[in-house]
Amino acid sequence: MNIARKYKILIVLLVLLLSAAAAIRWVRHAKPFYMPDIQLSTIDNRTINLKSYQGRPVLVTFWASTCAICMREIPHLIKMYNDLHPKGLEIIGIVIYWNDAKD
């Protein structure tokens, strides 16, 4: 391996190391995200308030039955829910209208 290639590899590794250190520092000093006070209607005509999930892990996802990518995502969301719900995870799916011929 020539010297120029070794230096390139060393520079890439150094950048990765500094990026990781910066990310760790950011995570340690990040302030908690506060849930907005939003009310949503459920499919069974109940009302839920997002603020009631404060302090718990919540994934809010937007999807549509006409969105191919959204439909491919559903099995992964189900697996994530089954794996992590016992640890407190909630997933809220918000249905939206989607009509994109490019999808």
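User: Which side chains do glutamate 90 and arginine 56 use, or rather, in what kind of contact do the two meet?

Analyst: Their side chains meet in a salt bridge, at 3.2 Å from N to O. The general idea: side chains of opposite charge can pair when their charged atoms come close. The rule here asks for a side-chain nitrogen of Lys or Arg within 4 Å of a carboxyl oxygen of Asp or Glu. Bear in mind that this is a predicted model, where local features need pLDDT of at least 70, side-chain atom pairs count only at pLDDT 80 or more, and totals for chains, interfaces and linings use all residues. Residues are numbered from 1 along each chain as its sequence is written, and side-chain values use heavy atoms, with hydrogens and water left out.

User: Where do glutamate 90 and arginine 56 sit in the chain?

Analyst: Glutamate 90 is in strand β4 (residues 90-95), while arginine 56 is in the loop between β2 (47-49) and β3 (58-63), so the pair links distant parts of the chain, 34 residues apart. Helices (H or I, at least four residues) and strands (E, at least two) are DSSP runs, numbered from the N terminus.

User: Is glutamate 90 buried or exposed?

Analyst: Buried, at 17% relative accessible area, whereas arginine 56 is partly exposed at 39%. Buried means under 20%, exposed over 50%, and partly exposed in between (1.4 Å probe, protein chains only).

User: How many salt bridges does the rule give?

Analyst: Three. Lysine 79 pairs with aspartate 83, with closest N and O atoms 2.6 Å apart; they are four residues apart in helix α2 (residues 68-84), so about one helical turn separates them. Aspartate 44 also bridges to arginine 46, at 3.1 Å.
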